[in-house]
Amino acid sequence: MIGRITNQMSSQMTLAGIESALDRLDTTQQELSTGKSINQPSDNPSGTALALQLNTDLSNLTSYSHNVTDGTGWATAQSSALTDITNCVQRIQELTTEAANGTETTSDMQASAQEVNQLIDQIKQDANTQYNGQYVFSGSATSTAPYQSGSTDTYGGNSGTVTRTIGPNTTLTISANLEGVLGNGQSAGDGQLLDTLRTISSDMQSGNSSGLNTDLSSISTNLNSLNGLSANVGAVQDRLQMAGSRIQTLQTSDTQVLSNTQDADMASTEISFSTQQAALTAALQAGANIVQQSLMNFLGSSSG
């Protein structure tokens with residue numbers, strides 16, 4: 001048996017339709033104002049979970065990108081300093097070759113010794129290169145200068161390493177062991193570069209040509225070690241460049257997926273908004289007609 005549809009039932013159905021239309025219109029209006037299809041988790045629970053994960057991934061990628069940028073600046077400072085040191089060593093090698101020939105006067109060799117001493121000071125200055133206020137050749141003692149000016153050639157840093165995290169579970173060592181090439185000077189007698197260069201200066205001062213021939217062999221060995229260190233720094237630069245490119249690609253990909261997940265299709269949303277506005281207007285008009293008819297019925301029954 002089908003019951004009679006009363007005016008109260010019609011009113012309730014009309015009000016429910018109006019409320020539903022208002023809710024849909026409010027949701028669409030919020031999408032238009034924010035540009036997002038997900039404005040609260042209830043809009044799309046699975047999409048919300050994916051968006052949260054993507055935002056976390058993008059935050060981590062930003063952190064890795066900053067580390068890559070910092071590491072690149074660090075390695076670039078090292079590379080520039082090592083290039084300058086190499087140029088100084090090669091100049092000293094030329095001076096040593098000339099002095100070892102035995103054709104220079106004592107005055108010439110002493111002048112060469114003075115130039116060698118100046119170049120040693122320049123090498124130590126390059127060894128004290130800083131990036132962002134930190135010494136790049138001091139191991140992990142980045143606030144301590146590796147070498148002091150003057151005749152003391154003792155290394156002031158430590159053997160610790162400096163690293164940067166450039167990806168998930170991926171750490172790269174960006175410090176370079178310059179002490180292993182320069183050493184601790186003539187007093188240490190370690191045969192490293194500063195020891196060799198101080199010996200060359202002494203042999204030039206004393207006119208020891210035969211000693212200079214031995215020094216040439218030593219400086220050649222030291223130069224090979226220096227070139228090896230430069231190659232290691234270059235490899236770090238290449239690794240950082242590749243990491244930067246990979247991070248940029250991932251950022252672009254994740255940003256696109258995040259946009260597809262949470263961004264509203266503005267053209268479609270605008271059409272929906274217009275449609276829902278029309279639906280709400282129609283519902284309001286229907287409600288107004290029902291109220292008018294109910295009122296007329298009420299007046300008619302009262303007059304009877």
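L178 touches L82, I85, A127, F137, G183 and L229, leaving aside residues up to four places away in sequence; a contact here means heavy atoms within 4.5 Å. The structure is a predicted model, in which local features need pLDDT of at least 70 and side-chain atom pairs count only at pLDDT 80 or more, while totals for chains, interfaces and linings use all residues. Residues are numbered from 1 along each chain as its sequence is written, and side-chain values use heavy atoms, with hydrogens and water left out.

L178 is placed in the loop between β4 (170-173) and α4 (179-182). Helices (H or I, at least four residues) and strands (E, at least two) are DSSP runs, numbered from the N terminus. With a relative accessibility of 1%, L178 counts as buried, where buried means under 20% relative accessible area, exposed over 50% and partly exposed in between (1.4 Å probe, protein chains only). One of its contacts, A127, is 51 residues away in sequence, and the C-alpha atoms of L178 and A127 are 7.6 Å apart.

The protein chain as a whole contains seven helices and four strands, which follow one another along the sequence as α-α-α-β-β-β-β-α-α-α-α. Of its 304 residues, 35% are buried. Among contacts between residues at least 6 apart in sequence, 68% join residues at least 24 apart. The chain exposes about 16,500 Å², of which carbon and sulfur atoms supply 49%; accessible areas come from the Shrake-Rupley method with a 1.4 Å probe, and for residues only the protein chains shown count as cover.

Two packed helices are described by the angle between their axes and the distance between the axes. Helix α5 (residues 193-206) packs against helix α6 (residues 209-262) at an angle of about 160 degrees, and their axes are 10 Å apart. The angle makes α5 roughly antiparallel to α6. Axes are lines fitted to C-alpha atoms, for helices over the stretch in contact, and angles run from 0 to 180 degrees between N-to-C directions; those under 35 degrees count as roughly parallel, over 145 as roughly antiparallel, 65 to 115 as roughly perpendicular and the rest as oblique. On the α5 side, L193, T196, L197, T199, I200, D203 and M204 meet G211, L212, D215, S218, I219 and N222 of α6.

R198 also lies in helix α5. This residue is buried, its relative accessible area being 13%. Residues up to four places away in sequence aside, R198 touches N117, I120, K124, G150, S151, D153 and Q186.
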